[in-house]
Amino acid sequence: TALIVVIGVRGTGDLGLVPLAQFAGDALGALALLVVLRRMGFALPVRVDWHEVRGAFRGGWPLVLHATLAMLSFNADLIILRFFRDMTTVGQYAVAYTLVSYLANLGSAFAVSVLPALSRGMGAHQENPSVYRGALLYAAALALPCAVGGWILAPGIIALVFGPGYAPAGRALTILIWTVPAIWLR
């Protein structure tokens, strides 16, 4: 995906290429994984168990609703901010939010990786609170130092990642970085 974007996107007129690049990159990655798995001896037959699909939809709607509402709330701020501030302020906010969004995505990846352990802890009407507690402690141990470090070093981080011209976005990062622990602990 990144290679296609770097090679193909030269201006705003090429932005339509980005979703196609994302699709192509994801498809190529999935195909590569299937080839590796097949060479390792894992056959992955394509079949659909409609009973299981219905069960997943019936039991999974709260997760889908949660993800949808999170996307709406995490992306509405830029649109709302544009009604009240100039483009420079919105751009600085977007630069800071790019880093926060990246860290939030890492938190989502962590949450998805913890789900199997949480599911295993829910057997036969018994819960294992130590699994929940452990996951929360790991999330806090990663997110809180990230927020404190980001708060202290925000202007330098922005200048390092995006260049000195974007340093004013550090002010927005000093506030936005505190959403990282909230997102991770959510």
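Reader: Which helices each supply at least two residues of the lining of the largest pocket?
Author: Those are α3 (50-84), α4 (87-120), α5 (129-162) and α7 (179-185). Keep in mind that this is a predicted model.

Reader: Which of them gives the most to that lining?
Author: That would be α4, with 13 residues.

Reader: And what is the volume of the largest pocket?
Author: The volume is about 880 Å³. The pocket is lined by 28 residues, and the closest to its centre are His66, Gly107, Ser108, Ala111 and Arg186.

Reader: How many nonpolar, polar and charged residues does the lining have?
Author: Sorted by class, there are 21 nonpolar, 6 polar and 1 charged residues in the lining of the largest pocket.

Reader: Thanks! Changing topic: how many helices and strands are in the chain?
Author: You'll find 7 helices and 0 strands. Going along the sequence, the pattern reads α-α-α-α-α-α-α.

Reader: What radius of gyration does the chain have, and what would a compact globule of 186 residues have?
Author: The chain has 21 Å, whereas a compact globule of 186 residues would have a value near 16 Å. Taken along the principal axes, the C-alpha atoms fill a box of roughly 55 × 45 × 35 Å.

Reader: What share of the residues count as buried?
Author: Of the chain's 186 residues, 20% count as buried. The accessible surface comes to about 13500 Å², and carbon and sulfur atoms account for 72% of that.

Reader: I clicked on Leu173. Where is it found?
Author: Leu173 sits in helix α6, which covers residues 170-176.

Reader: Is Leu173 buried or exposed, and why?
Author: Leu173 counts as buried because its relative accessibility is 1%, and the cut-off for buried is under 20%.

Reader: Which residues does Leu173 touch, leaving out those up to four places away in sequence?
Author: Leu173 touches Ala96, Leu99, Val100, Ala154, Ile157 and Ile158. There's also Val95, which lies 78 residues from Leu173 along the chain, with 8.5 Å between their C-alpha atoms.

Reader: Last one: what part of the chain's contacts with a separation of 6 or more comes from residues 24 or more positions apart?
Author: Such residues account for 59% of those contacts.

Key. Residues are numbered from 1 along each chain as its sequence is written. This is a predicted model: local features need pLDDT of at least 70, side-chain atom pairs count only at pLDDT 80 or more; totals for chains, interfaces and linings use all residues. Side-chain values use heavy atoms; hydrogens and water are left out. On a 1 Å grid over the protein atoms alone, a cavity is a set of points where a 1.4 Å probe fits but cannot get out, and a pocket is an open set with protein on both sides within 12 Å along at least five of seven lines; lining residues have an atom within 4 Å of a point. Grid points are joined across faces, edges and corners, and a volume is the space filled by probe spheres set on the points. Helices (H or I, at least four residues) and strands (E, at least two) are DSSP runs, numbered from the N terminus. Ala, Val, Leu, Ile, Met, Phe, Trp, Tyr, Cys and Pro count as nonpolar, Asp, Glu, Lys and Arg as charged, and the others, Gly among them, as polar. The radius of gyration is taken over C-alpha atoms; the globule rule is 2.2 Å times the number of residues to the power 0.38. Buried means under 20% relative accessible area, exposed over 50%, partly exposed in between (1.4 Å probe, protein chains only). Contact means heavy atoms within 4.5 Å. Accessible areas come from the Shrake-Rupley method with a 1.4 Å probe; for residues, only the protein chains shown count as cover.
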